[in-house]
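Here are some notes for a first look through this structure. Please keep the sequence and the 3D view open while reading.

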Amino acid sequence: MTIADLDLTTSDASNPATGGGSGTLHPLASLTAAEFTAIRDIVSAAPDFTATTRFAYVGLDEPHKRDVLAWEAGDGELPDRRARVMLLDMATGRSTDNVVSIGGGEIISTAVLDGSTGQLPVLIEEFDAIAQIVADDERWVAALHRRGLTVDNVICVPLSAGYYEFPEEEGRRILRVLAFRMDSPSDHPWAHPVDGLSAYVDTATRSVTRLIDAADLPVPATSGNFDDPELQGPPLDTLTPIVITQPEGPSFTVDGEDVSWGNWRFKVGFDTREGLVLRQLGWADAASGQTRPIIYRASIDEMLVPYGDPSPVRFWQNYFDTGEYLFGRFTNSLALGCDCVGEIHYFDAVLADELGNPFTIANGICMHEEDFGTLWKHSDMFTGSNEVRRSRRLVISFFTTVGNYDYGFYWYLYLDGTIECEAKLTGVLFTSAYPGLDEAGADYPYASEVAPGLGGPYHQHLFSARLDMMVDGVANAVDEVDAVRVPVGPGNEHGNAFTKAVTRLTTEGSSGRVADASVGRAWHVTNASETNAMGRPTGYVLLPTESPTLLADPSSSIARRAEFATKHLFVTAYDPAERYAAGDFVHQNPGGDGITRFIADDAPIDGEDIVLWHTFGPTHFPRPEDWPVMPVDYAKFTLKPYGFFDRNPALNVPAPGSSAGSSADHCAHHAIDAVSEHATGEAHPAGHASHDGHAAH
Ligand code: NI
């Protein structure tokens with residue numbers, strides 16, 4: 001097939017990732033299977049493409065926001081569809097970062113990486129090669145034998161290397177290996193870490209560059225087989241079914257990647273690196289008929305799992321699951337009634353494999369509505385008004401499995417304009433051999449004993465949400481708002497006063513901020529020119545969940561590589577090249593990239609087109625209850641409208657039991673009468689307000 005054979009402008013009905021039925025792909029539409037094929041053909045025709053060249057990443061190279069908005073407004077050209085393609089030659093290590101014009105059928109630019117600013121992401125092919133590479137190394141085999149093990153009853157876990165200035169690793173693609181014993185084909189190896197042993201591997205030369213054989217620790221014998229009925233115990237058989245039905249179908253409509261639900265409008269996108277991407281999220285204003293923009297693009301652009309155990313075989317454990325491993329490609333195919341219940345709409349995820357061929361993860365993204373309790377409610381003692389509305393939320397989510405851990409990322413949209421992002425953490429702990437108490441009887445300070453003899457090293461999960469904000473337009477600003485106690489003094493004689501302190505963040509260099517629950521710190525994102533009915537700037541507020549930022553020492557390698565994680569917030573001026581908080585090439589990146597580089601020019605951010613980088617996530621001191629499989633742990637942040645609307649925007653939500661706005665009164669329980677009766681001994685008929693003095697609160 002040639003490029004000319006491909007009809008790239010026609011929506012492919014078999015591929016929901018294409019841009020609806022409009023006939024022309026939106027500039028932000030996720031790459032389609034036909035486009036991946038075209039990209040492969042363009043790239044593989046280049047003279048320096050060899051039989052050993054692999055596609056380390058293929059993704060949409062998004063046009064500049066300015067060009068997309070101009071085109072949408074009808075005063076600009078349709079931007080060219082372009083892809084970013086990272087290529088690794090497995091034989092030579094040659095690594096390139098290319099931009100491909102799909103419509104033009106050509107490679108527009110090629111940058112060759114020299115390794116000094118990081119490596120391309122780890123390939124699955126490299127992971128797969130690891131077991132054989134170490135099995136061929138006699139030092140590794142001997143170290144296993146001394147422990148009574150062989151290469152046949154041990155599995156090897158390849159892990160990203162970090163950057164430690166080891167001279168033999170400069171410019172080479174390195175992975176580090178830890179071993180686990182596996183006692184049978186169904187035995188979960190995470191229960192049996194072979195501690196004290198690690199191999200460092202050059203994946204290009206297929207050689208072990210260093211073997212760490214630091215300690216002989218007994219391999220823990222406990223079972224990790226959570227799927228074994230014997231370990232599960234007698235089934236809990238008292239649970240009755242919960243069935244969620246929407247007899248009239250869901251309330252959302254979907255056209256390709258475009259979703260409409262209530263007043264919400266947005267696009268569902270997918271990327272091999274970031275997984276789910278929400279685009280052009282806005283609120284349709286009924287009065288004007290216009291959709292008011294809120295967020296131009298939202299994703300989890302990076303996540304870091306740094307471990308706090310300084311053991312000689314673990315000090316380097318820091319995983320960037322997005323930048324090093326491209327967690328989007330490990331997106332699960334979700335099952336109805338298992339992963340998602342109710343009236344579900346699935347989006348398939350389309351991506352390229354390492355040979356550049358398109359493949360589809362069916363049902364990779366799940367979307368559905370959930371009842372969410374009370375939206376608003378009041379029983380009025382004076383008017384007799386009894387009103388209650390039920391909250392519901394639209395859930396857009398995906399799950400990805402990265403080795404031992406499984407991560408779900410859930411975006412929630414609410415009827416009152418609230419946006420939430422919640423990470424769900426489950427799967428299996430990365431384990432160690434618990435060394436036991438020291439001579440003084442003290443616990444090991446860097447791991448919990450989660451099962452007899454089994455350690456759960458302390459670690460953090462630090463997610464970076466990249467929020468390309470567009471509250472009522474591109475010109476936005478951020479205020480840090482703290483609650484402030486006012487001292488007793490003139491005007492506050494009784495000392496009850498408190499107020500808020502508002503500090504404008506003016507430049508990138510001073511935008512690094514840390515959450516502080518003791519003052520209820522929040523970050524208000526406001527429009528520079530749009531105002532609400534009170535004449536104040538329209539805005540949204542980012543409400544963080546306070547939890548520790550990166551705990552590694554500021555002088556550490558990981559702190560240099562992950563400056564984004566040292567604060568809860570950074571704000572940068574929009575730059576289409578600034579995509580990922582730890583930089584584009586995270587694998588073996590020595591540091592100074594990503595946020596560090598983005599803020600270096602200290603660009604103004606007050607009233608500019610700005611991007612928020614929000615770090616959130618738990619610091620994990622593992623519990624016995626996290627073993628052998630973790631109940632879901634949660635981490636989240638919230639964006640709430642703050643003066644974006646002139647009043648509660650959800651007044652028009654119909655009462656329960658009414659489907660189309662007619663008032664249903666079966667929920668009016670005469671609650672206020674019951675209250676009045678209790679207070680006075682006599683019932684007040686609805687509509688006859690009490691004025692007898694017991695009403696004030
Ligand atoms: Ni954890």
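Which residue forms a salt bridge with Arg146?

1. The partner is Asp213, and the closest N and O atoms of the pair are 2.7 Å apart. Arg146 sits in helix H4 (residues 138-146) and Asp213 in strand E8 (residues 207-213), so the bridge ties together parts that are 67 residues apart in sequence. Arg146 is partly exposed, because its relative accessible area is 48%. Asp213 is also partly exposed, at 31%. Bear in mind that this is a predicted model.

2. **Overall layout.** The protein is divided into three parts: domain 1 (3-113), domain 2 (124-232) and domain 3 (253-641). Between the C-alpha centres of domain 1 and domain 2 there are 37 Å.

3. **A pair on two strands.** The structure holds 44 salt bridges. In one of them, Glu369 meets Arg392, with 2.8 Å from N to O. This pair links distant parts of the chain, since Glu369 lies in strand E16 and Arg392 in strand E17 (residues 386-402), 23 residues apart. Are these two residues buried or exposed? Glu369 has 7% relative accessibility, so it counts as buried; the cut-off for buried is under 20%. Arg392 has 33% and counts as partly exposed.

4. **A longer link in sequence.** Arg504 and Asp606 form another salt bridge, the closest N and O atoms being 2.6 Å apart. Arg504 belongs to strand E26 (residues 498-505), while Asp606 is in the loop between helix H7 (595-598) and strand E30 (608-616), so the bridge joins parts that are 102 residues apart in sequence. Both residues are partly exposed: Arg504 has a relative accessible area of 35%, and Asp606 has 34%. There is also a network. Salt bridges with shared partners join Asp61, Arg84, Asp97, Arg579 and Asp584.

5. Take Asp443 as the example. This residue lies in the loop between strand E20 (432-433) and strand E21 (447-451). Asp443 counts as exposed because its relative accessibility is 56%.

6. **A nonpolar patch.** Ile242, Ile244 and Val341 form a nonpolar surface patch, and together they have about 320 Å² of accessible area. Ile244 is in the loop between helix H5 (229-232) and strand E9 (253-255). At 47% relative accessibility, Ile244 is partly exposed.

7. **Backbone points to check.** Where is phi positive in a residue other than glycine? Glu165 is one case, with phi near 60 degrees. Glu165 sits in the loop between strand E5 (154-160) and strand E6 (174-181) and is exposed, at 54%. Asn363 is another case, with phi near 55 degrees. Asn363 is placed in strand E16 (residues 358-379) and is partly exposed, at 25%.

8. **A cis peptide.** The bond between Trp627 and Pro628 is cis, with omega about 0 degrees. Pro628 lies in the loop between strand E31 (619-620) and strand E32 (630-641).

9. **A glycine in a loop.** Gly76 is found between helix H2 (65-72) and strand E2 (82-89), in the loop. Gly76 counts as partly exposed, at 37% relative accessibility. Ten residues along the chain separate Gly76 from Arg66, and their C-alpha atoms are 9.5 Å apart.

Technical notes
Residues are numbered from 1 along each chain as its sequence is written. This is a predicted model: local features need pLDDT of at least 70, side-chain atom pairs count only at pLDDT 80 or more; totals for chains, interfaces and linings use all residues. Side-chain values use heavy atoms; hydrogens and water are left out. Helices (H or I, at least four residues) and strands (E, at least two) are DSSP runs, numbered from the N terminus. Buried means under 20% relative accessible area, exposed over 50%, partly exposed in between (1.4 Å probe, protein chains only). Domain bounds come from an automatic or database domain assignment. Patches are made of residues with over 30% relative accessible area and no salt bridge: like charges are joined within 9 Å, nonpolar side chains (Val, Leu, Ile, Met, Phe, Trp, Tyr) within 5 Å. Accessible areas come from the Shrake-Rupley method with a 1.4 Å probe; for residues, only the protein chains shown count as cover. A salt bridge is a side-chain nitrogen of Lys or Arg within 4 Å of a carboxyl oxygen of Asp or Glu.
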